[in-house]
Amino acid sequence: MSESHTDRPLEIACPQCRKKVLWTSENPYRPFCSKRCRLLDLGAWADESHRIAGETAMDETDIDAMLARADRDDPMT
Ligand SMILES: [Zn+2]
């Protein structure tokens, strides 16, 4: 009776890229597979709110700049 199901992580699909990702405390970006996917999802969300406000949507250049800054600030690396 040494087996335990409690240490078996839940496997989910990343909402952004549909990649399989384990739902564990070691993944700070869950339910996303990575910081990039999480930021892209936030970018999509911001895009929608901007559209509601009638503003110009965030373009890819903004997302790239945001990702570059996030990579520098990433405490995990
Ligand atoms: Zn992903």
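A residue counts as buried here if 20 or more other C-beta atoms lie within 10 Å of its own, and as exposed if 12 or fewer do, with partly exposed in between. With that cut-off in hand, welcome to a short tour of this predicted model. The tour starts with four cysteines that UniProt, in an unreviewed entry, places under the feature "binding site": C14, C17, C33 and C37. These residues are spread over 24 residues of sequence, yet they cluster in space, with a largest C-alpha distance of 8.2 Å.

**The annotated cysteines**

- C33 has 21 other C-beta atoms within 10 Å, so C33 is buried.
- C14 counts as partly exposed because 18 C-beta neighbours lie inside 10 Å.
- The loop between β1 (10-13) and β2 (20-23) holds C14, whereas C33 sits in the loop between β2 and α1 (35-53).

**Contacts around C14 and C33**

- Not counting residues up to four places away in sequence, C14 touches K19, V21, P31, F32, C33 and C37. Two of the other UniProt "binding site" positions, C33 and C37, are among these partners.
- Leaving aside neighbours within four places in sequence, C33 is in contact with C14, C17, K19 and V21.

- β1 and β2 pair in the antiparallel sense, and four bridges join them.
- One of the residue pairs to look at is L10, whose bridge partner in β2 is W23.

**Backbone details worth a look**

- As background, most residues other than glycine have a negative phi, and most peptide bonds are trans.
- R18 has a positive phi, near 70°, although R18 is not a glycine.
- R18 counts as exposed, because 10 C-beta neighbours lie inside 10 Å.
- The peptide bond from R30 to P31 is cis, and its omega is near 5°.
- P31 belongs to the loop between β2 and α1, where C33 also lies.

Key:
Residues numbered from 1 in each chain as written. Predicted model: local features only at pLDDT ≥ 70, side-chain atom pairs only at ≥ 80, totals over all residues. UniProt positions renumbered as here; feature names shortened; annotations may be inferred. Helix = DSSP H or I, 4+ residues; strand = E, 2+ residues; numbered from the N terminus. Contact = placed C-beta atoms within 7 Å. Pairing = 2+ DSSP bridges.
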